Amino acid sequence: MKTNLRIAAILTIATLVFVVHLGAAPAAGLGQAILTPKPPLEPRINGPSVYGGRPGHPFFYRIPCTGQRPIDFSATGLPGSLKLDRQTGIITGSTPNQRGNYVVTFGAKNARGSARRSFKIVVGDMLALTPPMGWSDWYTRYNRVTDALMRQAAEAMLASGMADFGYQYVNIDDCWMVKPGAKDPELDGPPRDASGAIQPNHRFPDMRALTDYIHSKGLKAGIYTSPGPLTCAGFVGSYQHEQIDARTFAEWGFDLLKYDWCSYGTVGGKTLEDYQKPYKLMGAILRGLDRDIVFNLCQYGMGQVSKWGGEVGGNSWRTTDDLGLRKETKLPGFYSIGFKNALHAEDAGPGRWNDPDYILIGYLGNAFKSEESPEPTALNGDEQYSYMSMWALMAAPLFFSGDLRMQYLDDFTLNVLCNAEVIAVDQDALGKQARIVRHTDDEFVLAKPLEDASLAVGLFNLTESSKPITVTWRDLGLRGGHRVRNLWRQKDGGTVDSQYSTRVNRHGVVLVRLIPQ
Ligand code: GAL
């Protein structure tokens with residue numbers, strides 16, 4: 001495991017190799033079929049139907065909604081401590097002091113039509129009742145990340161329409177702090193002030209102003225640190241400053257913390273207790289803050305983290321090492337990460353999610369170049385549909401980490417990221433991760449029960465040519481007639497009553513929702 005800087009350097013080099021490998025690829029969406037129809041001009045309210053918050057804490061939520069602007073939003077049954085901006089659909093205020101469920105009905109109306117949707121605010125101890133969604137700068141910006149780039153990312157999340165589908169968090173990964181011994185003066189400086197409070201590097205002049213800006217867009221802000229003395233990229237970590245750092249992040253206005261093991265191995269042991277210790281500590285500190293901060297554990301799956309990540313206060317935990325460093329074998333790396341992550345299905349549930357890492361499609365950056373040099377993904381269209389389908393079926397946190405700028409976010413990439421029916425599988429309120437129905441050399445089949453008693457099923461073809469795949473009702477535990485909804489095409493098929501068969505492209509997927517009749 002990554003326990004010291006030498007390993008961090010190797011990782012960074014491996015990242016470089018990976019990214020250079022991508023350089024030979026065609027444009028991200030070139031020649032690939034866009035399967036999903038564009039959202040209609042009339043309003044469609046997206047996003048989860050349940051949302052958890054702690055009593056009396058700051059609350060804000062932007063109603064994700066597609067459709068022609070202007071839209072007039074409404075929220076019937078909104079608790080008195082919350083206020084809706086009817087033009088933007090942004091709700092601000094504080095979560096009610098009284099624990100319990102608050103059922104709100106969202107409305108959205110424009111010149112073309114209207115939509116309504118129920119939204120339950122669950123005031124209690126739990127956060128992230130559905131998997132968090134957003135963007136992380138890591139695979140685009142690496143150690144080049146700045147305040148200005150994060151602001152641009154927030155703007156792009158709105159301009160691209162991603163926020164209208166529920167992408168919400170704008171996360172700074174590694175490299176916002178001071179780097180001891182850095183040659184670059186922008187990264188140099190005192191790592192902490194006289195009181196011990198952590199200082200951002202010169203590329204982040206005012207963290208509070210940055211989160212204010214992100215919040216003003218109705219989005220949330222995420223930050224990153226390590227329980228070790230240094231982060232994986234060699235920047236200052238939170239070791240022995242856990243309390244003050246967590247308080248600082250809350251004062252700065254952050255809403256999510258990724259806590260990355262990195263150099264912690266140099267100061268801790270290797271028993272299960274040692275693995276748990278830093279996360280238990282930070283989990284308890286975060287619970288005591290007067291701000292909701294979603295807690296993302298990143299320690300690459302050590303000590304079977306899925307078994308205890310929730311107990312130590314984690315809302316999600318990486319189950320494997322870095323997807324971006326994964327060696328490609330016969331199949332692209334996301335498959336093997338997905339296969340591993342799928343094994344932990346029973347440990348996932350509302351507020352506690354297995355995290356198979358970011359969604360690396362579109363244009364991705366390069367760790368070692370001092371200037372931006374985005375390169376298109378090497379994955380073909382079918383592989384990208386498989387990637388997103390697998391993540392949605394596994395109720396994975398959905399964090400895109402490719403380039404968000406309009407000139408790089410092509411229509412194909414957006415079509416993979418922004419299919420409301422596919423996202424609804426991920427965000428389903430039941431919070432079940434798909435179980436593995438079949439895994440052979442040739443086929444992988446996942447099935448995810450949904451709140452409305454329907455079943456989302458993904459049929460993945462792992463072979464080198466197109467082939468038919470069949471699942472029987474006995475495989476799926478179903479009975480009777482079911483309507484087949486093709487989720488990528490957003491199209492109804494017929495009714496079937498004992499099995500479902502379909503032809504699936506090489507490395508591709510057919511993702512359906514089987515709806516009992
Ligand atoms: C890795 C982590 C990556 C990224 C990187 C930053 O350990 O798994 O997701 O955060 O560190 O240096």
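The questions and answers below set computed values against the definitions of the terms.

This is a predicted model, in which local features need pLDDT of at least 70 and side-chain atom pairs count only at pLDDT 80 or more, while totals for chains, interfaces and linings use all residues. Residues are numbered from 1 along each chain as its sequence is written, and side-chain values use heavy atoms, with hydrogens and water left out.

Q: What makes C232 and C262 a disulfide?
A: A disulfide is a pair of cysteine sulfur atoms within 2.5 Å, and the S to S distance between C232 and C262 is 2.0 Å, so the pair is a disulfide.

Q: Which parts does the pair of C232 and C262 tie together?
A: C232 lies in the loop between β12 (220-225) and α5 (242-252), and C262 in the loop between β13 (256-260) and α6 (272-287), so the link ties together parts that are 30 residues apart in sequence.

Q: Why is R62 called buried?
A: Buried means under 20% relative accessible area, whereas exposed means over 50% and partly exposed lies in between (1.4 Å probe, protein chains only); R62 has 12%, so R62 counts as buried.

Q: How do you know that C65 is buried?
A: The relative accessible area of C65 is 0%, and therefore C65 is buried.

Note on methods
Helix = DSSP H or I, 4+ residues; strand = E, 2+ residues; numbered from the N terminus.
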